[in-house]
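Dear colleague,

Please find below the sequence and structure that I am handing over to you. My findings follow directly after them.

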Amino acid sequence: RFVLLALTAASCAVVRWGSERQRLAYALGGCLAVAGLFVACSSLAKAALRRATIAAFPALEVQDLVMTPMPANPTCWEGLVQGEQGGQYRVLRASVALPPLGAEACAAGDDVVPSAPIARLSRDARGGVRFRSEYRASVAELRELSERDCQFRAFLRFARLPYFTPAR
């Protein structure tokens, strides 16, 4: 909080008393600092999620990690882990809290209900990572759908973590 207060005071001072060149340099420096902070935190969050996934799901062959920061908070992230295990395509959804926060501090998105058919996960938090839910599908069924449905096959060229709901 004190850092935010100090940055606000510095911004006010630069705007009020700084030259045009100083204001431009301050704004550019601030933009680069925020972007750099999110890049660094993304790397930390991805590493924490990978470690926690390997510890909690040792048989899962991790193929992709997707990270999204929570709005305006570079210490809270939502992660999706895509992998394969025993002929099953799995996508795990987790929240990642970077230090000094604990896993329970990143609750944004708890009320979100994805359109994919998911199952809730009840695993202990590991290093700031809390696994929330998972999607499962048969790899063979996904391949068969890709072979017979040209729209699904085209969709797979663009979708990073696809899912489908079987017809009823």
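In sequence order, the elements of the protein run α-α-β-β-β-β-β-α-α, which amounts to four helices and five strands. Please note that this is a predicted model.

Overall form. The radius of gyration of the protein is 21 Å, whereas a compact globule of 168 residues would have one near 15 Å. The C-alpha trace spans about 65 × 40 × 25 Å along its principal axes. Of the 168 residues, 33% are buried. When contacts between residues at least 6 apart in sequence are considered, 52% of them join residues at least 24 apart.

Surface and charge. The protein has an accessible surface of about 10900 Å², and carbon and sulfur atoms account for 61% of that surface. There are 21 positive and 14 negative side chains, with 7 Å between the centres of the two sets.

Cysteines. Which residues form it? The partners are C76 and C106, with their sulfur atoms 1.9 Å apart. C76 belongs to strand β2 (residues 73-85), while C106 sits in the loop between β3 (88-97) and β4 (119-120), so the bond ties together parts that are 30 residues apart in sequence. The link of C76 and C106 is left-handed, with -85° about the S-S bond. Both of these cysteines, C76 and C106, are buried.

C41 takes part in no disulfide, and the nearest cysteine sulfur, that of C76, lies 10 Å away. C41 counts as buried because its relative accessibility is 8%, under the 20% cut-off. C31 is exposed, with a relative accessible area of 53%.

Residue R50. This residue is part of helix α2, which covers residues 20-56. Is R50 buried, partly exposed or exposed? R50 has a relative accessible area of 40% and is therefore partly exposed. Apart from neighbours within four places in sequence, R50 is in contact with V62 and L65. The C-alpha atoms of R50 and V129 are separated by 9.7 Å, although the two residues are 79 residues apart along the chain.

With kind regards

How values were computed
Residues are numbered from 1 along each chain as its sequence is written. This is a predicted model: local features need pLDDT of at least 70, side-chain atom pairs count only at pLDDT 80 or more; totals for chains, interfaces and linings use all residues. Side-chain values use heavy atoms; hydrogens and water are left out. A disulfide is a pair of cysteine sulfur atoms within 2.5 Å. Helices (H or I, at least four residues) and strands (E, at least two) are DSSP runs, numbered from the N terminus. Buried means under 20% relative accessible area, exposed over 50%, partly exposed in between (1.4 Å probe, protein chains only). Contact means heavy atoms within 4.5 Å. The radius of gyration is taken over C-alpha atoms; the globule rule is 2.2 Å times the number of residues to the power 0.38. Accessible areas come from the Shrake-Rupley method with a 1.4 Å probe; for residues, only the protein chains shown count as cover. Lys and Arg count as positive and Asp and Glu as negative; His and the chain ends are not counted. The place of a charge is taken as NZ of Lys, CZ of Arg, CG of Asp or CD of Glu.
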